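Here is a short briefing on pockets, surface and charge pairs. Please keep the sequence and the model in view.

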Amino acid sequence: MIKPRQKVPKLDINLVNDTKWSLQDQSPENFTLILFYRGLHCPVCKKQLEDLQKKVNDFTERGVNIIAISTDSEERAKKTYKEWDIESIPVGYELSIDEGREWGLFVSKGISDKEPNEFVEPGLFLLDKDHKIYWESIQSMPFGRPDFKDVLNGIDYILKENYPARGEA
């Protein structure tokens, strides 16, 4: 597990628009939000990402870059992007299981033919400008994810009060 105030692993990922995204190239005004999601098979992920789509401008206004990443194949990720209402969210794919574990994500084995053999469970990471963990929320189940309204309120508080990352001890 990566603790707050620690640098995260290097991350380079392919995007569904046939470009590459590199964490090292991110220079947001305030934060980078990385949302790891389970994949195309997950209706809870669809709901979460479509909610994020509605709030993209709210994050942008606060100086936050966003990306959603899964272990899905290129084909599955492009289908996700096409079928879900997430047109303003960069969608990355083919995160390796080992990379997911480096981030401290839980890994599940598929239990139906709709699920991949293995995939990562949800995780939300808010990184500071130096690519250090500021805030993280990791789930072992598809439910109980942070509400983006709460995340935005948290970011507002952090920026207003210059509140430090917590949980580093």
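Is E161 buried, partly exposed or exposed? E161 is partly exposed, because its relative accessible area is 40% (buried means under 20%, exposed over 50%, partly exposed in between, with a 1.4 Å probe and protein chains only). This is a predicted model: local features need pLDDT of at least 70, side-chain atom pairs count only at pLDDT 80 or more, and totals for chains, interfaces and linings use all residues. Residues are numbered from 1 along each chain as its sequence is written, and side-chain values use heavy atoms, without hydrogens and water.

**Salt bridges**

- The structure holds eleven salt bridges (a side-chain nitrogen of Lys or Arg within 4 Å of a carboxyl oxygen of Asp or Glu).
- E161 pairs with K160, with the closest N and O atoms 3.5 Å apart. K160 counts as exposed, at 68% relative accessibility.
- Shared partners join D18, E74 and K78 into one salt-bridge network.
- R76 bridges to D72, with the closest N and O atoms 3.1 Å apart. D72 is buried, at 1% relative accessible area, whereas R76 is partly exposed at 23%.

**Pockets**

- The largest pocket holds about 180 Å³ of space. A pocket is an open set of points on a 1 Å grid over the protein atoms alone, with protein on both sides within 12 Å along at least five of seven lines; lining residues have an atom within 4 Å of a point.
- Its lining includes V44, K47, F143 and R145. Helix α1 gives the largest share, four residues.
- The second largest pocket holds about 160 Å³. Among its lining residues are N30, F31, Y134 and Y163.

**Surface and helix α1**

- V44, M141 and F143 make a nonpolar surface patch of about 280 Å² (residues with over 30% relative accessible area and no salt bridge, nonpolar side chains joined within 5 Å, like charges within 9 Å).
- M141 sits in the loop between β9 (133–138) and α5 (148–161). M141 is partly exposed, at 43% relative accessibility.
- K46 lies in helix α1 (residues 43–54). The C-alpha atoms of K46 and E83 are 9.5 Å apart, across 37 residues of chain.

Terms used:
Helices (H or I, at least four residues) and strands (E, at least two) are DSSP runs, numbered from the N terminus. On a 1 Å grid over the protein atoms alone, a cavity is a set of points where a 1.4 Å probe fits but cannot get out, and a pocket is an open set with protein on both sides within 12 Å along at least five of seven lines; lining residues have an atom within 4 Å of a point. Grid points are joined across faces, edges and corners, and a volume is the space filled by probe spheres set on the points. Accessible areas come from the Shrake-Rupley method with a 1.4 Å probe; for residues, only the protein chains shown count as cover.
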